[in-house]
Amino acid sequence: MQGWIARVFTSFIDIPDKIATSVYFSGCSVRCKNCHNKEIWEKESGTLTRDDELIEKIKNNRLSEYVVFLGGEPTDQLDFLVHMCKRVKNEVQKPVAIYTGREFEVLPDELLDNLFMVVCGPYREDLYQEGWPASSNQRVFKKRGNIWKN
Ligand code: SF4
């Protein structure tokens, strides 16, 4: 299976105070005003990447404790996103989070089942805030046991 990926790197901010491998999907249909990642709005701005190649990159980042899928809009490539979340959870055995411009309530169970955290909602420049997340309308959901809480 293949998906469009813009970049993969080590992050110290996507899960605050933790080391994560952050995988940026290219392509975004949400199109928030004054988005900071406009350069990856088109899928073709990234590289069509095989799942095995991405898993190897994630495995090779031995520093990271977590994996984050963001973008771009990762749910625009929902089948690939779900597939990758399952593989990371089962093969790499690290907790997985996503950032999405969509709301939590529209995310399918087959995705949520493989995540421990979701940062959701579009970026709103008029609601910009210092700190995390970037705008105050965005919500953070964390799974405790099998229950999601925000
Ligand atoms: S969802 Fe993310 S990448 Fe897409 S426009 Fe909004 S802030 Fe930018």
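Here is a walk through the fold, from its overall build down to a few single residues.

What you're looking at is a predicted model, in which local features need pLDDT of at least 70 and side-chain atom pairs count only at pLDDT 80 or more, while totals for chains, interfaces and linings use all residues. Residue numbers start from 1 along each chain as its sequence is written.

Let's begin with the parts list. The protein has three helices and eight strands, where helices (H or I, at least four residues) and strands (E, at least two) are DSSP runs numbered from the N terminus. Read from that end, the elements go β-β-β-α-β-α-β-α-β-β-β. The radius of gyration of the protein is 14 Å, close to the 15 Å of the globule rule for 150 residues, so it is as compact as a globular protein of that length. That radius is taken over C-alpha atoms, and the rule is 2.2 Å times the number of residues to the power 0.38. The C-alpha trace spans about 40 × 40 × 30 Å along its principal axes.

Now for the sheet. Its eight strands form an open sheet in the order β3-β1-β2-β4-β5-β6-β7-β8, with mixed pairing; strands pair if DSSP finds at least two bridges between them. At the edges sit β3 (47–50) and β8 (147–149), each pairing on one side only. Neighbouring strands are turned by 30° against each other on average, direction ignored.

Strand by strand, β1 pairs with β3 in the antiparallel sense over four bridges, and here G3 stands opposite T49 in β3. β1 also pairs with β2, again antiparallel, over six bridges, with T10 opposite T21 in β2.

Helix α1 (residues 51–60) lies across β1 (2–11), β2, β3 and β4, at about 80° to β3. Helix α2 (residues 78–92) lies across β1, β4 and β5 (96–100), at about 170° to β4. The angles run from 0 to 180 degrees between N-to-C directions, with axes as lines fitted to C-alpha atoms, for helices over the stretch in contact. Contact itself means C-beta atoms, placed from the backbone, within 7 Å.

How much of the protein is buried? Of its 150 residues, 34% count as buried. A residue is buried with 20 or more other C-beta atoms within 10 Å of its own, exposed with 12 or fewer, and partly exposed in between, the C-beta atoms being placed from the backbone.

D14, in the loop between β1 and β2, is buried because 21 other C-beta atoms lie within 10 Å. Not counting residues up to four places away in sequence, D14 touches A20, S22, V68 and L70. M1, in the segment before β1, is exposed, with 12 other C-beta atoms within 10 Å. Leaving aside neighbours within four places, M1 is in contact with D51, F80 and H83.

Finally, the ligand. Around it are C28, V30, R31, C32, C35, N37, G71, G72, E73, G101, P122 and Y123, each with its C-beta atom, placed from the backbone, within 6 Å of the ligand.

Key: Two residues are in contact if their C-beta atoms, placed from the backbone, lie within 7 Å.
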